[in-house]
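Q: I would like to learn how to read a structural model feature by feature. Could we go through one together, taking the general idea and then the case at hand?

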Amino acid sequence: MELNELYRDVILDHNRRPRNFGALDPADASADGVNPLCGDRLTLRLKFAADTIEEIRFEGQGCAISTASASLMTEAVKGKTRTEALGLFDRVHRLLTVDGAQPDGLGKLAALSGVSAYPARVKCASLCWHTLAAALKSPAAYVPAVSTE
């Protein structure tokens with residue numbers, strides 16, 4: 001299967017059946033994202049177990065690329081530490097914005113590489129990632145460690 005076919009199939013699947021879509025209450029951290037160019041809106045909520053993303057869910061409405069990217073992102077960062085998730089943000093952002101960036105080691109997220117061919121859609125695909133970074137960097141996201149003493 002060619003990368004273009006993979007891109008199309010993965011985007012369509014995650015748009016039609018988004019993973020981790022819905023409310024998460026209570027949440028340890030949250031952030032809202034808006035793409036005024038095409039009207040995408042997203043609320044992202046996270047629960048942590050120490051420094052690891054234990055649960056992540058999103059709500060909102062957006063185009064197929066925005067919804068699919070959020071769905072793929074939630075699958076990719078669940079179980080990752082804050083540092084690992086921010087590292088993944090950097091890699092995906094580079095994939096979307098740097099010509100010739102390679103999707104090596106990104107698994108299904110490699111499907112997002114097809115977005116770079118459509119510059120007007122990069123903001124659609126990156127909205128959820130920027131929202132994730134904002135949530136991870138917010139003071140509310142820092143859950144104190146539980147003492148075992």
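**Reading a predicted model**

A: Let us begin with burial along a helix: twelve of the 14 residues of α2 are buried, so this helix is largely enclosed by the rest of the structure. Please keep in mind throughout that the model is predicted.

Q: Which residues of α2 are buried, and what span does α2 reach from its first C-alpha to its last?

A: Burial here means a relative accessible area under 20%. The residues of α2 that count as buried are I65, S66, T67, A68, S69, A70, S71, L72, M73, T74, A76 and V77. From its first C-alpha to its last, α2 reaches 20 Å, close to the 20 Å expected at 1.5 Å a residue. Just after α2, G79 takes a positive phi of about 90 degrees.

Q: Where is N20 found, and what is the phi of N20 near?

A: For a loop residue, the backbone angle is read together with the surroundings. N20 is found in the loop between α1 (3-16) and β1 (29-35), and its phi is near 60 degrees, a positive value in a residue other than glycine. At 14% relative accessibility N20 counts as buried, and, with neighbours within four places in sequence left aside, it is in contact with E55, I56, R57, F58, T74, E75 and K78.

Q: How are the buried residues of α3 placed around its axis, and which elements do they pack against?

A: Helix α3 (residues 82-97) has 16 residues and reaches 22 Å from its first C-alpha to its last, close to the 22 Å expected at 1.5 Å a residue. Its buried residues are R82, A85, L88, F89, V92, L95 and L96. They cover an arc of only 140 degrees around the axis, which puts them on the same side of α3. Their packing partners are β2 (40-49), β3 (52-61), α2 (64-77) and α4 (122-137).

Q: What is the relative accessible area of T97, and what does the side chain of T97 reach?

A: T97 lies in helix α3 and is partly exposed, with a relative accessible area of 42%. Its side chain reaches the backbone oxygen of H93 at 2.6 Å. The C-alpha atoms of T97 and V122, 25 residues apart along the chain, are separated by 7.4 Å.

Q: Where does V115 lie, and which residues does V115 touch, not counting those up to four places away in sequence?

A: V115 lies in the loop between α3 and α4 and is buried, with a relative accessible area of 0%. Not counting residues up to four places away in sequence, V115 touches Y7, I65, L96, R121, V122 and A125. The C-alpha atoms of V115 and D90, 25 residues apart along the chain, are separated by 16 Å.

Q: What pattern does the protein chain follow along the sequence, and what is its radius of gyration?

A: With the local features in hand, one turns to the whole chain. Four helices and three strands are present, in the pattern α-β-β-β-α-α-α along the sequence. The radius of gyration is 15 Å, close to the 15 Å that the globule rule gives for 149 residues, so the chain is as compact as a globular protein of that length. Of the 149 residues, 43% count as buried, and residues 24 or more positions apart account for 61% of the contacts with a separation of 6 or more.

How values were computed
Residues are numbered from 1 along each chain as its sequence is written. This is a predicted model: local features need pLDDT of at least 70, side-chain atom pairs count only at pLDDT 80 or more; totals for chains, interfaces and linings use all residues. Side-chain values use heavy atoms; hydrogens and water are left out. Helices (H or I, at least four residues) and strands (E, at least two) are DSSP runs, numbered from the N terminus. The expected span of a helix is 1.5 Å times one less than its number of residues. Buried means under 20% relative accessible area, exposed over 50%, partly exposed in between (1.4 Å probe, protein chains only). The arc is that of the directions from the helix axis to the C-beta atoms. Contact means heavy atoms within 4.5 Å. The radius of gyration is taken over C-alpha atoms; the globule rule is 2.2 Å times the number of residues to the power 0.38. A polar contact is a pair of N or O atoms within 3.5 Å; within protein, one must be able to donate a hydrogen and the other to accept it, and residues adjacent in sequence count only if both atoms are side-chain atoms.
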